Amino acid sequence: MGAKDGLTAYRGKRHFDRTREPPGAPAAAEDTSSFVVQIHDASTLHFDFRLEVDGVLKSWSVPKGPSADPHDKRLAMPTEDHPLEYREFEGVIPAGEYGAGTVIVWDQGSYRPLPRKKKGRSLSFGQALEDGHVSFWLDGSKLHGGYALTRFRTGEGPGKRESWLLVKENDDRAGRGGTPDARRARSVRSGRTLKRVAADEGPGQPG
């Protein structure tokens, strides 16, 4: 049973040698979801790494930003889920508001989960996240290839925060990109730097 059976009636009423209507994707496993990486110049300058999962953006604050080098282990601190519309947000969060500062969209694109099993049972991406380890393939403007997020601290206990590592897989898209220069980085949406966005949309600007 499953997703394929949902198209049985649709396909049964059509002749695809006569109609240009799509017959449907051959396999749900090929479906992709979106990701975005934003640079946020708030109280501390950092990158926000976000993956679309179950209708929201699961989010991690990555102080040094993603790296294309598999030797780099990037600390990733979970933050609250964000709405999907946040993928397009770029601008200045006003002073006095939560997360006040400038935001640009550093990278965006699609991703697909890589299979994960536990005790012989396939896990959904959401289940794998809850279990503390996911692998996925990124197709962005700047980030490409396999990456993994792994939880190494649960956050249980007083004063402790849940912590993850974001690491590039050692595949043919690996490189020695190292840490992106957040101050010079340009938005994939507008081509602007943090400084330019702050000048365009900061205090005293219309809108």
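**Figure 1. Overview of the protein chain in the predicted model.** Of the contacts in the protein chain with a separation of 6 or more, 54% are between residues 24 or more positions apart. The structure shown is a predicted model. Its secondary structure comes to three helices and 11 strands. Read from the N terminus on, the elements follow the order α-β-β-β-β-β-β-β-β-α-β-β-β-α. The protein chain has 207 residues, and buried residues make up 36% of them. About 12400 Å² of the protein chain is accessible surface, and carbon and sulfur atoms account for 49% of this surface.

**Figure 2. The largest nonpolar core and its residue Phe49.** The largest nonpolar core has 29 residues, and Phe49, Leu51, Phe136 and Leu149 are the ones that touch the most other members. Strand E2, residues 45-53, supplies the largest share of this core, namely four residues. Which residues does Phe49 touch, not counting residues up to four places away in sequence? They are Val36, Val37, Lys58, Ser59, Trp60, Val62, Pro66, Phe136, Leu138, Leu149 and Leu166. Among them are Phe136 and Leu149, which are also named with Phe49 as residues that touch the most other members of the core.

**Figure 3. Aromatic pairs, with Tyr86 and Phe89 in view.** A search of the whole structure gives eight aromatic pairs. One of these is the pair of Tyr86 and Phe89, with 5.3 Å from centre to centre and 35 degrees between the planes. Why is this pair called tilted? Planes under 30 degrees apart count as stacked and those over 60 as edge-to-face, so the angle of 35 degrees places Tyr86 and Phe89 among the rest, which are tilted. Phe89 counts as partly exposed because its relative accessibility is 27%, while buried means under 20% and exposed means over 50%.

**Figure 4. Phe125 and Phe136, an edge-to-face pair.** The ring centres of Phe125 and Phe136 are 6.3 Å apart, and their planes stand at 80 degrees, so this pair is edge-to-face. The pair links distant parts of the chain, 11 residues apart. Phe125 belongs to helix H2 (residues 125-131), and Phe136 belongs to strand E9 (residues 133-140).

**Figure 5. Gly65 in a loop between two strands.** Where is Gly65 placed? Gly65 is in the loop between strand E3 (56-62) and strand E4 (73-82). Gly65 is buried, and its relative accessible area is 0%. Apart from its neighbours within four places in sequence, Gly65 is in contact with Phe47 and Arg74. Gly65 and Gln38 are 27 residues apart along the chain, and 9.4 Å separates their C-alpha atoms.

**Figure 6. Lys168 with Tyr147 and Asp171.** Lys168 has its charged end over the ring of Tyr147, 5.2 Å from the ring centre. Lys168 also forms a salt bridge with Asp171, in which the closest N and O atoms are 2.7 Å apart. Lys168 counts as buried because its relative accessibility is 3%. Asp171, in contrast, is partly exposed, with a relative accessible area of 22%.

Figure 7. The structure holds 13 salt bridges. One of them joins Asp131 and Arg116, whose closest N and O atoms are 2.7 Å apart. Asp131 is partly exposed, at 29% relative accessibility. In the other salt bridge shown here, the side chains of Glu162 and Arg151 meet at 4.0 Å, N to O.

**Figure 8. A network of salt bridges.** Which residues are linked in this network? The linked residues are Glu90, Arg192, Arg196, Asp200 and Glu201.

Technical notes: Residues numbered from 1 in each chain as written. Predicted model: local features only at pLDDT ≥ 70, side-chain atom pairs only at ≥ 80, totals over all residues. Heavy atoms only, no water. Phe/Tyr/Trp six-rings, centres within 6.5 Å; stacked < 30°, edge-to-face > 60°. Buried < 20%, exposed > 50% of the residue type's maximum accessible area, 1.4 Å probe, protein only. Lys NZ or Arg CZ within 6 Å of the ring centre and 35° of its normal. Contact = heavy atoms within 4.5 Å. Core = buried A, V, L, I, M, F, W, Y, C linked by side-chain atoms within 4.5 Å. Areas by Shrake-Rupley, 256 points an atom, 1.4 Å probe, with all protein chains shown as cover.
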